[in-house]
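Q: Here is a structure to go through by question and answer. Please set each value against its cut-off and conclude.

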Amino acid sequence: MGENAITLSAIEKRFHQKEVIAPLSLEVPTGQLIGLLGPSGCGKTTLIKMIMGMIKPDNGRIQVLDYVVPHKQLLLDIGYMAQSDALYIDLTGAENLHFFAKLYRLSKKERVERVAYAANLVRLTEDLNNKVVNYSGGMKRRLSLAIALIQNPKLLILDEPTVGIDPVLKKEIWQELIRLKEKEHKTILVTTHAMDEAERCDRLAMLRSGQILAQGTPQELKAHYQAQDFDEVFLKAGGAIV
Ligand SMILES: Nc1ncnc2c1ncn2[C@@H]1O[C@H](COP(=O)(O)OP(=O)(O)OP(=O)(O)O)[C@@H](O)[C@H]1O
């Protein structure tokens with residue numbers, strides 16, 4: 001794998017003449033945990049969908065794990081957690097996990113192992129045999145995260161993964177994300193509004209109106225803008241409050 005897991009080169013996107021992503025370039029180094037930070041509507045989800053190959057940019061080039069997007073192989077190599085849960089609510093948690101594990105062509109043995117691992121990670125083991133229709137909002141987010149991890153992907157792209165999740169589990173999920181990065185060399189791109197989460201990223205890219213307002217390590221950004229926290233970095237860099 002190359003030096004960068006993701007390279008965006010001068011990406012542009014308009015919806016109905018409205019510029020949503022202005023020419024934007026960004027590199028996500030392999031093996032790092034990168035946070036995309038920015039106010040509602042600044043283009044985070046649009047950017048992620050372009051990286052996934054779900055939306056085509058009007059201009060520019062996207063390279064992910066040495067493939068030019070879109071590419072079939074990337075469906076196997078990227079674990080994606082969308083902002084809204086895409087779950088089969090009439091199936092149980094286990095059935096959902098097995099369904100996705102089968103899609104990724106995992107063997108029966110691998111499926112059983114990965115389902116157990118992913119369910120345990122998000123503390124859903126006890127509820128696996130209940131139908132998803134009876135899950136709380138937080139449980140559905142946890143199941144979505146487990147699905148994103150099911151095929152043991154090289155790259156994880158998580159759109160606001162901890163919204164609706166209680167602080168204890170949120171902490172555990174972040175510990176696991178950091179373990180996945182450090183011990184299993186995963187690259188992780190995460191969008192967040194939460195400043196405590198931003199603090200745990202290796203690097204941050206702050207977005208406003210489809211452009212990168214500032215980027216760097218959390219420490220670099222705070223030092224550069226002489227700010228106590230990222231709300232202040234954002235304001236001093238010229239953005240609106242998140
Ligand atoms: N399919 C679409 N058609 C038209 N406009 C769209 C479409 N998708 C997104 N937009 C617009 O593009 C802009 C960026 O939206 P996007 O969902 O990427 O923002 P975001 O930063 O992820 O916001 P949030 O943090 O609230 O999820 C918004 O103004 C949104 O209304």
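A: The model is predicted. Start with Lys186, which has 22 other C-beta atoms within 10 Å and is buried.

Q: Why is Lys186 called buried?
A: The cut-off for buried is 20 or more other C-beta atoms within 10 Å. Lys186 has 22, so the residue counts as buried.

Q: Where is Lys186 found, and which residues does Lys186 touch?
A: Lys186 sits in the loop between α6 and β8 (187–192). Leaving out residues up to four places away in sequence, its contacts are Lys154, Leu155, Leu156, Leu180 and Lys181. A contact here needs C-beta atoms within 7 Å.

Q: How far apart are Lys186 and Pro218 in sequence and in space?
A: In sequence they are 32 residues apart. In space the C-alpha to C-alpha distance is 20 Å.

Q: What makes Arg123 partly exposed?
A: Buried starts at 20 C-beta neighbours and exposed ends at 12, with partly exposed in between. Arg123 has 15 inside 10 Å, so Arg123 counts as partly exposed. This residue lies in the loop between α4 and α5.

Q: Why does Ser209 count as partly exposed?
A: Ser209 has 16 C-beta neighbours inside 10 Å, so it is partly exposed. Its loop runs between β9 (203–208) and β10 (211–216). Ser209 is not a glycine, yet has a positive phi of about 45°.

Q: What is the peptide bond from Val69 to Pro70, cis or trans?
A: Omega is near 0°, and the bond is cis. Pro70 is found in the loop between β5 (67–68) and α2 (72–77).

Q: How do you know that the span of α5 is close to the expected one?
A: Helix α5 covers residues 137–149, 13 residues in total. From first C-alpha to last, α5 reaches 19 Å, against 18 Å expected at 1.5 Å a residue. The two values are close.

Q: What makes α5 mostly covered?
A: Eleven of its 13 residues are buried. Among them are Met139, Arg142, Leu145 and Leu149. Lys140 and Arg141 are on the buried list too.

Q: Which elements do the buried residues of α5 pack against?
A: Three are helices: α3 (93–103), α4 (108–121) and α6 (167–184). The others are strands β6 (78–81) and β7 (155–159).

Q: How do β6 and β7 run, parallel or antiparallel?
A: They run parallel, joined by four bridges. A pair needs at least two bridges, and β6 and β7 have four. Within this pairing, Tyr80 stands opposite Ile157 in β7.

Q: Which way do the residues of β6 point?
A: Ile78 and Tyr80 point one way, while Gly79 and Met81 point the other way. All of these are buried. In a regular strand the side chains alternate between the two faces of the sheet.

Q: How do you know that β1 and β2 pair?
A: Strand β1 (residues 4–15) and strand β2 (residues 18–29) share eight bridges, in the antiparallel sense. The cut-off is at least two bridges. Thr7 has Glu27 of β2 as its bridge partner. The two strands form a hairpin with two residues between them. His16, in the turn, has a positive phi of about 50°.

Q: How many bridges pair β1 with β4?
A: Five, again antiparallel, with β4 covering residues 59–64. Glu12 stands opposite Asn59 in β4.

Q: What is the order of the open sheet, and why are β2 and β5 at the edges?
A: Four strands form the sheet, in the order β2-β1-β4-β5, with antiparallel pairing. β2 and β5 each have a single partner strand, so one side of each is left without a neighbour in the sheet.

Q: Which residues are around the ligand?
A: The shell includes Phe15, His16, Val20, Gly38, Lys44 and Gln83. By class, three are nonpolar, eight polar and one charged. Helix α1 (residues 44–52) gives the largest share, three residues.

Q: Which residues does the UniProt annotation "domain: ABC transporter" cover?
A: The unreviewed UniProt entry places this domain at residues 6–234. In the model, that span is 38% helix and 27% strand. Its end C-alpha atoms lie 24 Å apart.

Notes. Residues are numbered from 1 along each chain as its sequence is written. This is a predicted model: local features need pLDDT of at least 70, side-chain atom pairs count only at pLDDT 80 or more; totals for chains, interfaces and linings use all residues. The expected span of a helix is 1.5 Å times one less than its number of residues. Two residues are in contact if their C-beta atoms, placed from the backbone, lie within 7 Å. UniProt positions are given in the numbering used here, feature names are shortened, and annotations may be inferred rather than shown by experiment. A residue is near a molecule or strand if its C-beta atom, placed from the backbone, lies within 6 Å of it. Ala, Val, Leu, Ile, Met, Phe, Trp, Tyr, Cys and Pro count as nonpolar, Asp, Glu, Lys and Arg as charged, and the others, Gly among them, as polar.
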